[in-house]
Structures are given as C-alpha cells and as structure tokens.
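I opened this entry to keep track of what I looked up in the structure.

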Amino acid sequence: MRGAARFRFQPADRQSSPVAMIRHILIVSGLLAALAVGWWIWASQPDTAKLDVASVQGVRPEITAPRPQMIPTIKVADVVGWQGGAKPTPAPGLKVQAFAAGLDHPRWLYRLPNGDVLVAETNSPPRKKEFSVTDWVMGYLLNKAGAGVPSANRITLLRDADGDGVAELKTPLITGLNSPLGMALVGNTLYIANTDALVRVPFTPGQTRITAKPEVVVRYPGGGNHWARNVIASADGTRLFVAIGSATNIGEKGLDLEARRAVILEVDPASKKYREFATGLRNPQGLAFEPQSGRLWTTVNERDMLGSDLAPDYLTSVELGDFFGWPYSYWGGYADRRVDEQRPDLVEYTKRPDYALGPHTASLGLAFAADAKLGPRFANGAFVGQHGSWNRSPVSGYKVVYVPFNKLGFPERAAKPVDVLGGFLDTKGRAQGRPVGVITDRTGALLVADDVGNRIWRVAAM
C-alpha cells in the first residue's frame, strides 16, 4: 500500500509543480511590484511646507526638524513669458518699465562709470549626459523652468543716451565666452567670470566692441549643478573676489569633485595667484560691498531635499577664513545627517549667516541701496533678486525683495524682507519671468535682469 500510495501521488506532484512554481513567482512578483508602486507613490509625494516663507526669514528664522526626501519635491512654475502688455508689479510708490527687451537669457548686470550697462546673456554650459535620477531631475527642471536653452556666451552693451529709461543702443560687446556671469572693471581692464576661468580684456568705457582675445587670470572648476561664477573688485582694484558654487547638492558624488568649489576665492590679478577667502558656501552668487562698513556680502543658495521648510537661503557678510558649514551642516551648525562623512569637530568653527532669505527662494542678485533713489523706504539696505524655487510646495521666491539695514551695516534685527518687484507669476502660477541680477543705474533706478522674460526691467520712483 505504501508503494501504491507513492505511485498515485508522484505523477500529480510532477504535473502540478511547474504550475505551482509559476503561480508562486507571479504572486511574489505581484506583491513586490505593488510594494514598489506603493513606495514610489509614497516617496514621490511632494513635501508641503508647514511654515510660511516669512517664518524662515530674518535674523532669527524658524528652523524645523528636517524631512529628508528620497525623491525630491518637484514644483517649478511653467514658463509662459510676458503676454501682451503684461509686466511685473512694483511696490507702492514705484513704477516699472522695460529698459531693454529681446535679449537671450540675460542673467547678470554691471554698470560702467559712463552709465552704460553690461548684461551677460548666458546659461549653463553643455551638460554631460548621465543616467541617474539626479541628472534626469536636473534636465527636466531646466527645460520646465525655461533654462534649457543653449548659452549665448556673450556680454551685450546697453546705452540709454537720452535718459528716458529705455536703452536705445543694444549691441554685442564681446562674444565667444564660456558661460560668463560676473563682470568687474578695474582701470581699463574688464574682468569676466567664465564658468571655468577668470579672464580679462582691455576695455575703455565708451567702447561698443571688444575684439581682443581674453587672457586667463586664474582657472577653477567649471560646470556642475552650480555653473555661474561672479566676480567683484576691491575698492583699490588690487584684489578680486570670485564666487564658485558646489558641483552637487551635498557632495553626494564625492568630496574630491568639490575641490576649489563652494568657496569665495581672493585673487591677486598681478601675480595670477589666489587663496580661499571663505569656504562652506554651497552656492554663493551675489557679491557686494556694504557701503557704510566696506564689508563684503554675498547671497547663498542652500541645500535641497530636506523638505519645503529647509534650509533657508541667506544673505551674509564674509570675512577671511569664514566657514559656513557646507556640506556638513546648515544655518550655523545644524548637522545634515545625509552626508556620508560627518564632521562634528567643525561645528564650533561654523559661522552662522547674518540673515535668512527663506527656503528654496534661489536668492541670486545682490545690490546695496547706496545710490538708489527710490524713496526713504529703500534708502539703506540690500536688494535681492530671487529666481524662484523648484524644490518647495508651494513655490517661493520669484520676486525682488529689499532687506532693511541699520546704521552699523547689518540687517535690522526685527525686519522681514520687503517686496520691491513681484508679479513674475501670473494668476495661474505660471512664470512670466524670473528675476536674477540687480543693480542701480546712473539715475538711481533699479535694474532687474529677467532671464526667462528676456528683458531688463527698470524700477523707479513715481
């Protein structure tokens, strides 16, 4: 009977085993797929801000617990441009008009002694195609935000000879550059911060064309997620300060890639040598000297994927030897646990920024109100161009703000930023433009580079 029993069951096992195995594989695969889909849906849900932007602004912003993201919150305004007669909305008592239009991704501005205005028409250099989530997200965002166009690689001269607030001359000054941004005139030498090198050319204000080949002063790493380089000259012209952003968010591709990045360099143009003036600055952009104290100040874009309330972009004074924490910490010592190499020993050496500008605002442009003539409300402080967020829900930035300063040359302790120019988002939340560089013109009006609207806006008192 035992043998007969074996004879009866063995064929059934042989017939059902492959079917059962396939069924088992399908069930397990289905469960894994469901888990994967569920994880993706959970992980890809946008992190919604728990605080308003103002709570994360000022001398003492509210710093909440981080909410790290495996998949970033992606919320960036779709670009529609300025339709019909639409234009930005100025603060009460101010008016706005287009100073120049028909430009190609204008990002940065510089005023010459004769009143001519230089504008860097520029964009990111070509990016190496890599198949990673980070690079895919970056490419998607660039296209969605209107920044996926090739770089014009030129500096254009704008001239308003008749003083009517509109540039009647718009002509290429120098072409063939490599994703240029910052500009600084020292004597009859124009310094230009390309993405990979500080270069200089002979130039006399009044010229409308430069044909000289640029001379390299110093080289530094180019490209990366933060490609734009700014430059400013000391009052006596003997030193140049160059702002260089990090290649990545938090050094996730290895800190060897971040050598000579996330820094402000101090350059001696005579010897063509440099040193690191300040470090730990994830993406410094704006550079300006506060007029009362003569201190150097910068705007800095902080890290992403810690949630919609962190970390605040900031405005800060910078002195030789300052370290601001990147990538190990933010806002003066809050450790970023995502960084592979933790450095608690550096906390005591980390400088806390002077003023928070809100989370993910992409604060870039910086100009002090030394010669601005926009009324007493905007007489002593800093104008900041906020390009606008991609990693926050709801979006932040997309405006020009003003930070009031006190007589000691620092932001007022209780003051929040004041809106100077808004309306870059339409009623549907779409981007008509995005402000970047800001300067004052020779009349005391404020000029704002709009790299999506392809215009320079002029804000003046009524």
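**Overall make-up**

I began with the secondary structure, which comes to two helices and 29 strands. I note here that the model is a predicted one. I then looked up burial: of the 462 residues in the protein, 54% are buried. For the accessible surface I found a total of about 20500 Å², with 56% of that belonging to carbon and sulfur atoms. I also checked the contacts between residues at least 6 apart in sequence, and 62% of them join residues at least 24 apart.

**Salt bridges**

I searched the whole structure for salt bridges and got 19. Side chains of opposite charge can pair when their charged atoms come close.

R154 is in strand 6 (residues 154-159) and E121 in strand 5 (residues 117-121), so I recorded a link between distant parts of the chain, 33 residues apart. R154 counts as partly exposed at 24% relative accessibility, whereas E121 is buried at 2%.

Next I looked at R200 and E215, whose side chains meet in a salt bridge at 3.1 Å, N to O. R200 lies in strand 10 and E215 in strand 11 (residues 215-219), so this pair ties together parts that are 15 residues apart in sequence. R200 has a relative accessible area of 16% and is buried, because the cut-off for buried is under 20%. E215, at 34% relative accessibility, counts as partly exposed.

I then checked R239, which forms a salt bridge with E266; the closest N and O atoms are 2.9 Å apart. R239 lies in the loop between strand 12 (230-233) and strand 13 (240-244), and E266 lies in strand 14 (residues 263-268), so the pair ties together parts that are 27 residues apart in sequence. I have R239 as partly exposed at 36% relative accessibility and E266 as buried, with a relative accessible area of 7%.

**Residue N194**

Where does N194 sit? I found N194 in the loop between strand 9 (189-193) and strand 10 (197-202). Its relative accessibility is 6%, so N194 counts as buried. Which residues is N194 in contact with, leaving aside its neighbours within four places in sequence? I listed L177, N178, S179, P180, V199, Y220 and R229.

Conventions:
Residues numbered from 1 in each chain as written. Predicted model: local features only at pLDDT ≥ 70, side-chain atom pairs only at ≥ 80, totals over all residues. Heavy atoms only, no water. Helix = DSSP H or I, 4+ residues; strand = E, 2+ residues; numbered from the N terminus. Buried < 20%, exposed > 50% of the residue type's maximum accessible area, 1.4 Å probe, protein only. Contact = heavy atoms within 4.5 Å. Areas by Shrake-Rupley, 256 points an atom, 1.4 Å probe, with all protein chains shown as cover. Salt bridge = Lys/Arg side-chain N within 4 Å of Asp/Glu carboxyl O.
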